[in-house]
Amino acid sequence: MVQQLSDFHSEVQAKVAETRQRVSNLHAELPRWELVVWTAGNISERIIIDPSGEPSEQDIFVIKPSGVRYEELSAEAMVVCDIDGELIDGTRAPSSDTAAHAYVYKHMPEVGGVVHTHSSFATAWAARGEEIPCVLTMMADEFGGPVPVGPFAIIGDDSIGRGIVETLRESRSPAVLMQNHGPFTIGADAEKAVKAAVMVEEVARAVHLAKELGEPKPIPQNAIESLNNRYQNVYGQ
């Protein structure tokens with residue numbers, strides 16, 4: 001039996017309200033960075049239910065409703081699903097990619113946010129089924145190597161989610177280009193996943209332009225390791 005949001009403790013309901021607002025605000029970043037058009041794309045964020053703070057199969061997540069234009073989105077419009085992707089609160093149907101998000105949360109407990117866009121350059125690489133090679137220090141920093149390609153999969157069940165998990169489990173990259181579809185990104189929370197979505201489009205465009213001019217020079221693996229370690233563990237505040 002699918003639970004309803006009213007079945008949860010008031011503290012969980014308060015978390016849901018906060019997450020709805022945060023996810024709604026983050027959706028405004030996708031058109032701002034020109035990563036989506038019309039109603040395409042979606043963001044979700046996990047809400048951990050266990051008092052210990054450990055991700056589990058009792059968790060729930062907030063996600064964009066299906067087919068709603070970005071200017072019509074609000075905290076109230078966001079929907080809440082359980083870890084199996086079943087709707088537990090909201091007046092609209094959840095995103096058509098909900099099963100993919102749910103599969104990622106279920107099989108990658110370290111992930112707290114998932115983003116899907118159809119950003120032009122990253123999607124062009126996905127259409128070719130070609131990984132983005134690590135030829136920029138920015139890529140070494142953010143992705144720890146090339147941005148990998150995931151298998152072709154049809155929307156509607158958890159096939160896309162399986163492809164995301166199978167690809168990213170063996171990669172440091174927070175982004176995967178699902179073949180013939182587009183980029184999916186993950187992060188410890190939704191904001192980090194949105195950042196990865198912005199970054200993957202930036203490097204996809206830059207490397208495309210580099211290839212138009214000639215053959216980009218690869219970065220040696222030892223330099224990639226050094227750059228990634230500095231960026232992930234030293235850079236910033």
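Colleague: Which element gives the largest share of the lining of the largest pocket?

Modeller: That is H7, with four residues in the lining. Keep in mind that this is a predicted model. The largest pocket has a volume of about 610 Å³, and of its 22 lining residues the closest to the centre are Glu142, Pro174, Ile186, Gly187 and Gln232. Two or more lining residues come from each of helix H5 (137-143), strand S8 (182-187), helix H7 (190-213) and helix H8 (221-233).

Colleague: How do the residues of that lining divide into nonpolar, polar and charged?

Modeller: There are 10 nonpolar, six polar and six charged residues in the lining of the largest pocket.

Colleague: What about the second largest pocket: how much space lies in it, and which element gives the largest share of its lining?

Modeller: The second largest pocket holds about 200 Å³ of space. The largest share of its lining comes from H7, with four residues. Its lining is made up of Trp33, Glu34, Leu35, Val36, Val37, His118, Ser119, Ser120, Val198, Glu201, Glu202 and Arg205. By class, that gives five nonpolar, three polar and four charged residues.

Colleague: How do you know that the span of H7 agrees with its 24 residues?

Modeller: At 1.5 Å a residue, H7 should span 34 Å, and its end C-alpha atoms are 35 Å apart, so the two agree.

Colleague: Which residues of H7 are buried?

Modeller: Buried in H7 are Ala190, Ala193, Val194, Ala196, Ala197, Val198, Met199, Val200, Glu201, Val203, Ala204 and Val207.

Colleague: What makes Asp189 a cap for the N-terminal end of H7?

Modeller: A side-chain oxygen of Asp189 lies 3.2 Å from the backbone nitrogen of Glu191. The cut-off for a polar contact is 3.5 Å, and the 3.2 Å pair is the one by which Asp189 caps H7.

Colleague: Let's move to the loop between H7 and H8, where Ile219 has its place. Why is Ile219 called buried?

Modeller: Buried means under 20% relative accessible area. Ile219 has 17% relative accessibility, so Ile219 counts as buried. Not counting residues up to four places away in sequence, Ile219 touches Cys134, Val135, Leu136, Thr137 and Ile224. Its C-alpha atom is separated by 23 Å from that of Lys195, 24 residues apart along the chain.

Colleague: Why are Glu34 and Trp38 called exposed?

Modeller: The word exposed applies over 50% relative accessible area. Glu34 has 66% relative accessibility, so Glu34 counts as exposed. Trp38 has a relative accessible area of 61%, so Trp38 is exposed.

Colleague: Asn42 is found in strand S1. Is Asn42 buried or exposed, and why?

Modeller: Buried: the relative accessible area of Asn42 is 3%, and the cut-off is under 20%. Beyond its neighbours within four places in sequence, Asn42 is in contact with His27, Leu30, Lys64, Tyr70, Ser95, Asp97, His101, Val114, Val115 and His116.

Colleague: What makes the pair of Asn42 and Ser95 a polar contact?

Modeller: The pair of N or O atoms must be within 3.5 Å, and the side chains of Asn42 and Ser95 make their polar contact at 3.1 Å.

Colleague: Where is Thr98, and why is Thr98 called buried?

Modeller: Thr98 has its place in helix H3 (residues 98-107). With 4% relative accessibility, Thr98 counts as buried. Leaving aside neighbours within four places in sequence, Thr98 is in contact with Phe61, Ile63, Cys81 and Gly85.

Methods: Residues are numbered from 1 along each chain as its sequence is written. This is a predicted model: local features need pLDDT of at least 70, side-chain atom pairs count only at pLDDT 80 or more; totals for chains, interfaces and linings use all residues. Side-chain values use heavy atoms; hydrogens and water are left out. On a 1 Å grid over the protein atoms alone, a cavity is a set of points where a 1.4 Å probe fits but cannot get out, and a pocket is an open set with protein on both sides within 12 Å along at least five of seven lines; lining residues have an atom within 4 Å of a point. Grid points are joined across faces, edges and corners, and a volume is the space filled by probe spheres set on the points. Ala, Val, Leu, Ile, Met, Phe, Trp, Tyr, Cys and Pro count as nonpolar, Asp, Glu, Lys and Arg as charged, and the others, Gly among them, as polar. The expected span of a helix is 1.5 Å times one less than its number of residues. Buried means under 20% relative accessible area, exposed over 50%, partly exposed in between (1.4 Å probe, protein chains only). A polar contact is a pair of N or O atoms within 3.5 Å; within protein, one must be able to donate a hydrogen and the other to accept it, and residues adjacent in sequence count only if both atoms are side-chain atoms. Contact means heavy atoms within 4.5 Å.
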